[in-house]
Amino acid sequence: MSFFVDYATDSLNKAGEELCGDTVEFFRSDSNAIAVMSDGLGSGVKANILATLTAKIAITMLKEGLHIEEVVDTIAHTLPVCNVRKLAYATFTIVKVDNNGTVYAAEFDNPSLFLIRNGKVEKLDGTTIEINERKIKESIFKLQEDDILILVSDGVVHAGVGTVLSLGWRWEEIAEFIEKMPLKKMSAKDIMNKILTTCDNLYLKKPGDDATVSVMKLVKPKEVTMFSGPPKNHNKDSEIIRDLMRATGQKIICGGTASNIACRELNRELNIDMEYVNKEIPPIGYINGIDLVTEGVLTIKATIERLKKIKLSMDFSALDGDDGSSKLAKLLYENCTHLKMLVGTAVNPAHQNPSFPEELSIKYKLLMELEDIMKSLGKVVEVKYY
């Protein structure tokens with residue numbers, strides 16, 4: 001079975017520092033997903049440079065299929081060891097997950113990975129190898145659907161040390177915290193935000209160290225195809241509806257003209273829901289075989305605002321409404337890993353002067369903005385223009 005790695009990462013900067021001393025690089029291909037977290041020695045600019053170089057070198061070499069020995073050897077010969085402390089320039093954790101769920105992990109001096117299965121945290125039983133006098137913990141194992149991997153830098157396990165918690169937020173305590181979360185219902189971003197917010201609270205909003213959390217959750221792909229806007233050439237109407245109906249997963253139509261095209265080509269009726277009325281968002285419609293039918297510009301604009309609100313503040317109340325934008329945002333956020341956008345490029349004269357170039361159309365701009373916000377939420381987005 002082919003899986004999808006739902007991924008999210010974020011960091012807290014050490015109080016008073018403009019740059020974070022932790023760096024995360026992530027790469028996704030058709031066959032695998034690779035995450036590299038590096039923690040530079042110290043904090044601020046120097047730590048950021050060391051961590052960035054380490055992560056960039058590692059991700060670049062791993063993308064080309066090189067083995068960990070070559071990666072570590074290159075890092076060791078590229079970056080120096082601290083002459084004063086005699087400590088490594090930067091620590092790192094590397095996780096590579098293929099589409100079948102097979103994982104290769106390499107850990108050097110970072111806190112141990114958290115593997116969560118069936119709501120319980122498991123510690124990895126890896127083997128230690130030595131490369132250029134550096135002890136690397138290697139683990140190879142198989143993930144199952146809904147298994148979660150969490151990478152943290154040492155700023156997370158040190159959270160609250162000497163203030164709220166005398167010994168910091170120890171690995172075992174973080175594990176207990178994770179197990180109390182409703183993980184089944186949570187996305188990678190939800191889990192990451194919950195851990196990082198708690199970490200920030202333990203630091204009393206003044207982190208004593210850079211703290212980074214990266215989450216990888218193995219899920220089944222959830223495909224959504226969205227049709228919006230009439231094609232520039234009317235002869236493409238049948239083609240765009242054919243592509244929509246042949247697509248797997250859930251199907252969305254946004255826009256009155258797009259809905260009328262679908263009804264004509266499919267010989268089906270459009271029924272408007274007049275039971276729920278929202279003065280700001282036009283009502284949704286129903287077409288047999290289509291999972292969600294909404295108005296265009298106003299609904300898409302409100303949907304983008306809701307998705308931005310979730311991204312910035314994790315305010316999920318934005319998904320609770322019965323209006324079209326709430327329903328659309330909920331579907332795209334909770335039930336979509338892969339979004340295919342079928343975009344007609346005809347300019348709607350009701351929106352603006354049709355003599356304007358299509359790049360300036362309101363609809364065009366909104367759909368590009370929707371593409372960007374979906375990608376920032378970790379979704380895979382494909383756009384096809386007609």
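**Domain contact, sheet architecture and salt bridges**

In the predicted model, about 680 Å² of area is buried between domain 1 and domain 2, and carbon and sulfur atoms give 63% of this area. On the domain 1 side, the residues that lose the most area to domain 2 are Phe4, Lys189 and Asp190, which together account for 65% of what that side buries. Domain 1 spans residues 4–219 and domain 2 spans residues 223–385. The contact draws on eight residues from domain 1 and nine residues from domain 2. A distance of 36 Å separates the C-alpha centres of domain 1 and domain 2. The count of salt bridges between domain 1 and domain 2 is zero.

An open sheet of five strands is present, with the order S1-S11-S10-S6-S7 and antiparallel pairing. Its edge strands are S1 (4–12) and S7 (120–122), each of which pairs on one side only. On average, neighbouring strands of this sheet are turned by 20° against each other, direction ignored. Helix H5 (residues 188–202) packs on the sheet and touches S1, S10 and S11. The direction of helix H5 makes about 20° with that of S1. Within the sheet, strand S10 (residues 148–152) and strand S11 (residues 211–219) run antiparallel and are joined by five bridges. Isoleucine 150 stands opposite valine 215 in S11.

A further strand, S3 (residues 32–40), contains aspartate 39. The relative accessible area of aspartate 39 is 7%, and this residue is therefore classed as buried, the limit being under 20%. Leaving aside residues up to four places away in sequence, aspartate 39 touches Gly21, Asp22, Ala51, Tyr89, Ala90, Thr91, Asn110, Ser153 and Asp154.

Salt bridges were examined next. Side chains of opposite charge can pair when their charged atoms come close. A search of the whole structure finds 14 salt bridges. One of them joins arginine 306 to aspartate 323, with the closest N and O atoms 3.5 Å apart. Because arginine 306 lies in helix H8 (residues 297–313) and aspartate 323 in the loop between H8 and helix H9 (324–334), this pair ties together parts that are 17 residues apart in sequence. Aspartate 323 is buried, at a relative accessible area of 5%.

Helix H9 holds another such pair, lysine 330 and glutamate 334. The side chains of lysine 330 and glutamate 334 meet in a salt bridge with an N to O distance of 3.1 Å. Lysine 330 and glutamate 334 are four residues apart in helix H9, so about one helical turn separates them. Lysine 330 counts as partly exposed at 33% relative accessibility, and glutamate 334 is likewise partly exposed, with a relative accessible area of 36%.

A salt bridge is also formed between lysine 236 and glutamate 239, whose closest N and O atoms are 3.2 Å apart. Lysine 236 has a relative accessibility of 34% and therefore counts as partly exposed.

Notes:
Residues are numbered from 1 along each chain as its sequence is written. This is a predicted model: local features need pLDDT of at least 70, side-chain atom pairs count only at pLDDT 80 or more; totals for chains, interfaces and linings use all residues. Side-chain values use heavy atoms; hydrogens and water are left out. Helices (H or I, at least four residues) and strands (E, at least two) are DSSP runs, numbered from the N terminus. Buried means under 20% relative accessible area, exposed over 50%, partly exposed in between (1.4 Å probe, protein chains only). Contact means heavy atoms within 4.5 Å. Two strands pair if DSSP finds at least two bridges between them. Axes are lines fitted to C-alpha atoms, for helices over the stretch in contact, and angles run from 0 to 180 degrees between N-to-C directions. Domain bounds come from an automatic or database domain assignment. Buried area is the accessible area (1.4 Å probe) that two parts lose on being put together, summed over both. A salt bridge is a side-chain nitrogen of Lys or Arg within 4 Å of a carboxyl oxygen of Asp or Glu.
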